[in-house]
Every structure is written in structure tokens, then in C-alpha cells.
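Please consider the sequence and structure shown here before reading on.

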Amino acid sequence: MVNGKRYFFVGIGGSGMMPLAMILAGRGALVEGSDRSLDAGRVPAKFDALRTLGIGLHPQDGSGVVSADQIVVASAAVEDSVPDMVAAARVGASRMTRAALLAELFNASEQPIGVAGTSGKSTVTGMIGWILHACGDDPTVMNGAVMSNFATPDAPFASALVGGGSPFVSEVDESDGSIALFDPDIAVLNNVSRDHKELDELRDLFGAFIAKAGWAVVNNDDREARALIDTVGPEFLTTFALQADAHLTATDIREEPFAISFELVDEGESVGRVRLQVPGLHSVYNALAALAACAAAGVPIAEAAVAIAGFRGLSRRFELIGTTNDIAVIDDFGHNPDKIAATLATLRAFPGRLLLLFQPHGYGPLKQLRHELAEAFASGMAEGDVLALPDPVYFGGTVAREVGSDALAGDIAALGRDARHLADREEAASMLVALARPGDRIVVMGARDDTLGQLARRMLGNLQGKRP
């Protein structure tokens with residue numbers, strides 16, 4: 001289907017673009033691309049990893065788009081004025097959105113498994129991919145995060161897995177409405193809450209997604225997800241929950257600082273005890289979703305339960321960077337209210353002050369979710385915790401910068417928590433390092449910026465050089 005075709009990715013280093021480019025290259029396509037981060041010298045190791053796969057990289061100045069034979073792939077957010085898009089129009093190259101190309105590959109696979117929902121998509125996708133891989137099904141996996149199980153020193157950016165088996169596992173995105181392009185054999189719906197779109201539109205998108213699936217896996221504890229179950233015939237449905245009645249559930253849950261275990265129950269029968277190498281109640285929900293999806297794909301539930309214990313998590317998903325002087329540094333992708341609430345609840349299950357750095361993932365999302373974000377932080381923080389808020393991610397473009405981190409800091413302070421706006425991210429990080437004392441947990445939170453992980457590592461290094 002793609003062998004020998006020429007593709008040029010505009011923004012090839014993006015979390016949704018890079019794994020798709022890797023899959024195409026692995027299937028024999030000729031892949032090239034450009035990225036503003038490459039031009040700016042950010043995260044050079046990521047682009048080195050692409051080069052080792054035989055992917056050609058160019059400046060984002062139009063010089064790489066030279067032929068009508070190229071298919072130029074860009075996200076819907078890329079403007080026509082970007083030089084590569086101008087060059088595509090000049091040479092007559094055809095254009096595709098990232099989502100349309102992914103949907104084309106997904107829908108053409110023998111067993112497409114789509115993971116949807118406001119939160120948890122990447123983790124569930126990684127869990128499903130690992131279970132199927134461990135059980136010998138050789139899946140292809142398209143993820144928005146690096147999967148620790150598949151990362152190696154030679155391939156550290158393993159956000160994709162190119163397999164030869166029937167399953168094609170992918171998270172699907174509702175933020176741009178492209179979820180409507182996907183026709184899953186198995187559809188997973190984790191949860192539904194207001195994020196990039198309003199609830200009425202999300203209900204329509206998620207409802208249609210699970211309705212056209214051959215089999216649906218739905219969180220019965222999530223009110224909005226549960227309300228969509230009627231779109232699915234009961235004979236083509238698996239529910240999971242911790243509180244409501246469901247086909248798959250968990251009992252006797254025991255939390256640890258960086259792990260969690262539970263008794264897995266299938267249709268009222270105990271399957272056995274499962275210990276995850278990732279923490280928090282939200283991880284149990286993610287595991288139930290993944291186990292249910294793999295069972296629908298034909299993996300015996302007992303085998304899946306054994307396999308998931310080997311799942312080592314994802315980069316930037318509650319990732320422990322290190323501990324020094326009894327101070328832990330954690331890197332986390334939490335950026336919307338649900339993800340932030342889940343991370344803070346996981347941390348609050350154990351003692352220790354929280355020193356948080358949250359970089360909003362854009363001016364647009366901050367404006368839309370300002371009050372929900374303030375409530376998530378105010379509810380999850382405790383007396384003595386400190387939140388540092390640098391300015392939002394901004395890589396250029398025409399986005400309106402109407403609401404900034406100073407407004408969010410004011411909202412959270414008005415709710416009684418210690419939130420401080422420091423425009424410069426390095427200054428915010430230095431403040432938290434200076435405040436840190438034994439027993440504290442430092443957490444770097446945010447999305448859309450690969451350098452946040454580097455920042456967390458620098459903070460750990462600065463702590464190691466700090467006098468106890």
C-alpha cells in the first residue's frame with residue numbers, strides 16, 4: 001500500500017507525526033520531513049533517531065518539497081503560508097492531513113484497534129500494544145508517547161512499533177474531529193470530558209466511534225461514556241469499572257508510590273492478582289480497558305493479565321526521573337484538568353510536599369480551560385504545596401495570547417493555594433529547586449514541549465549539586 005511511495009512530513013518531530021513517519025518508513029515508503037524544532041536545534045537526539053531510520057530531514061524552508069510525486073503530510077494546524085506548503089502548491093505535490101493518512105493505514109489493517117477518550121489514550125494504547133506483542137500477535141502500534149518496553153539505546157524514541165501481524169493499535173484524536181475518519185474493529189472509550197471541544201460535540205464524535213465498531217470497550221464508571229453505551233448492541237460490548245457493575249473490574253486495590261496492584265475479576269470470577277509497574281487508580285482503569293480490548297482481540301484474559309505486569313509505562317507519564325537527598329523528581333504529561341487531577345491524586349496518596357511546575361500547552365487551551373485547570377490544581381494541592389507557572393508553550397503562529405499563566409496563577413491563589421507566575425521557565429525551575437527539602441516531590445507537568453523532560457533532568461542535576 002505504501003511501499004515505494006514518497007512522503008514529506010511538515011513537522012515530522014511532532015508527537016503524532018513522528019510515529020506515523022516511522023511506520024511508513026518501516027513499511028518501505030520513502031520518507032522525508034522538516035520541523036521548526038530541528039531548525040531551532042531543540043531535542044537533536046530525536047532527529048538523529050529519525051535519520052538512523054533512513055528518513056531524510058530538511059530545513060523548513062520549502063527546499064525539501066521538490067516533486068509532484070511527493071505526498072505532503074501536515075496537521076490541520078499547519079498554515080498555508082508555511083514555506084513547505086507553499087512549495088507543495090508550486091510543484092503540484094498532493095497533500096494529506098496526518099489524521100487522514102493514519103486513518104487510511106488503520107482502516108486498511110486486518111484488525112484495527114482504536115483507543116479514544118479525553119485521557120489515558122497513550123497509556124492504554126501502549127498497554128494493548130505490549131500485551132499483544134508479549135502474546136505473540138506482532139502488532140503495529142501508533143502512539144503519541146515513547147513506549148518504554150520498546151525503547152532501546154539504539155532506538156530511544158519508540159513511539160511506534162512496526163509489526164507484521166493483524167492488529168493495528170492506535171490512539172485516535174477527537175480534538176480536530178478526525179476520530180470520525182476511523183473505522184475500528186475494536187473501539188475503546190476511556191472517558192469523556194470537556195477538553196478541546198464542548199460536550200455536545202464530543203458526545204456525537206465518541207458515540208459514532210463506538211457505534212460503528214465491531215466490538216466496543218467502555219468505561220462504565222464514567223458518566224458521559226456510560227450514556228453512550230446504548231449506541232452499541234449489548235452482544236458487542238465489554239464494560240469495565242471499579243464502582244459500577246461491569247464485565248471486567250478490580251478489587252483489593254493496593255497502592256504503592258510507583259506501582260499498584262489489584263485482583264482482576266472477569267464476569268464475577270477471579271482471574272488472579274495483577275501488579276502494574278505504573279501507579280495510581282487511573283492506571284487500574286487504563287489496565288482494565290487494555291485487558292478488555294485484548295480479550296476482544298482474541299487473547300485469553302489470564303494470558304493478558306500475566307503480560308500486562310511487564311508493561312513499563314510511557315515516557316513523561318508519571319516518569320520518575322530520579323531521587324536525590326530524599327527528593328523525587330517526576331516528569332508528567334498532565335496538561336488537561338482530568339490528567340492533572342489524576343496525577344495529583346496519585347501523589348496525594350502518599351506523604352510529602354508537592355513542588356509543581358506546570359507549563360500550559362498553549363494559549364488557546366489555557367483560555368478555554370482556565371477555570372477547570374484552576375479547580376483541578378486547587379483541589380489537588382494541599383497546604384504548603386507550591387505551584388510555579390511559566391508562560392505557555394508558544395512556537396510562533398497567529399494564535400491569540402489573550403489569557404496567560406499570570407491569570408491562571410491568580411485564579412488558583414484566589415482558591416487558597418500557593419501559585420506563582422514566573423514567566424521564564426528556567427527561573428520557575430530554579431525557584432522550586434531552591435525551595436526543595438528532603439521528603440518533597442518535584443513534578444514537571446505539561447504537553448507539546450519535548451524539552452520539559454530535559455528540564456526535569458536538569459532540575460535533578462541541580463538538586464544533586466545542592467547542599468543538603
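How many salt bridges does a search of the whole structure find? In this predicted model, the search finds 19 salt bridges. Three of them are described below.

| Salt bridge | Closest N and O atoms |
|---|---|
| Arg273 and Asp252 | 3.3 Å |
| Asp440 and Arg353 | 2.8 Å |

**Arg273 and Asp252.** These side chains form a salt bridge. Arg273 belongs to strand 15 (residues 269-276) and Asp252 to strand 13 (residues 248-256), so the pair ties together parts that are 21 residues apart in sequence. Arg273 has a relative accessibility of 35% and counts as partly exposed; Asp252, at 41%, is also partly exposed. Both residues take part in a network of salt bridges that links Asp252, Arg254, Glu263 and Arg273.

Arg457 is partly exposed, its relative accessible area being 44%.

**Asp440 and Arg353.** Here the salt bridge connects two loops. Asp440 lies in the loop between helix 14 (425-435) and strand 21 (441-446), whereas Arg353 lies in the loop between helix 11 (337-348) and strand 18 (354-359), and 87 residues separate the two. Are these residues buried or exposed? Asp440 has a relative accessible area of 2% and is therefore buried, the limit being under 20%. Arg353, at 15% relative accessibility, likewise counts as buried.

Methods. Residues are numbered from 1 along each chain as its sequence is written. This is a predicted model: local features need pLDDT of at least 70, side-chain atom pairs count only at pLDDT 80 or more; totals for chains, interfaces and linings use all residues. Side-chain values use heavy atoms; hydrogens and water are left out. A salt bridge is a side-chain nitrogen of Lys or Arg within 4 Å of a carboxyl oxygen of Asp or Glu. Helices (H or I, at least four residues) and strands (E, at least two) are DSSP runs, numbered from the N terminus. Buried means under 20% relative accessible area, exposed over 50%, partly exposed in between (1.4 Å probe, protein chains only).
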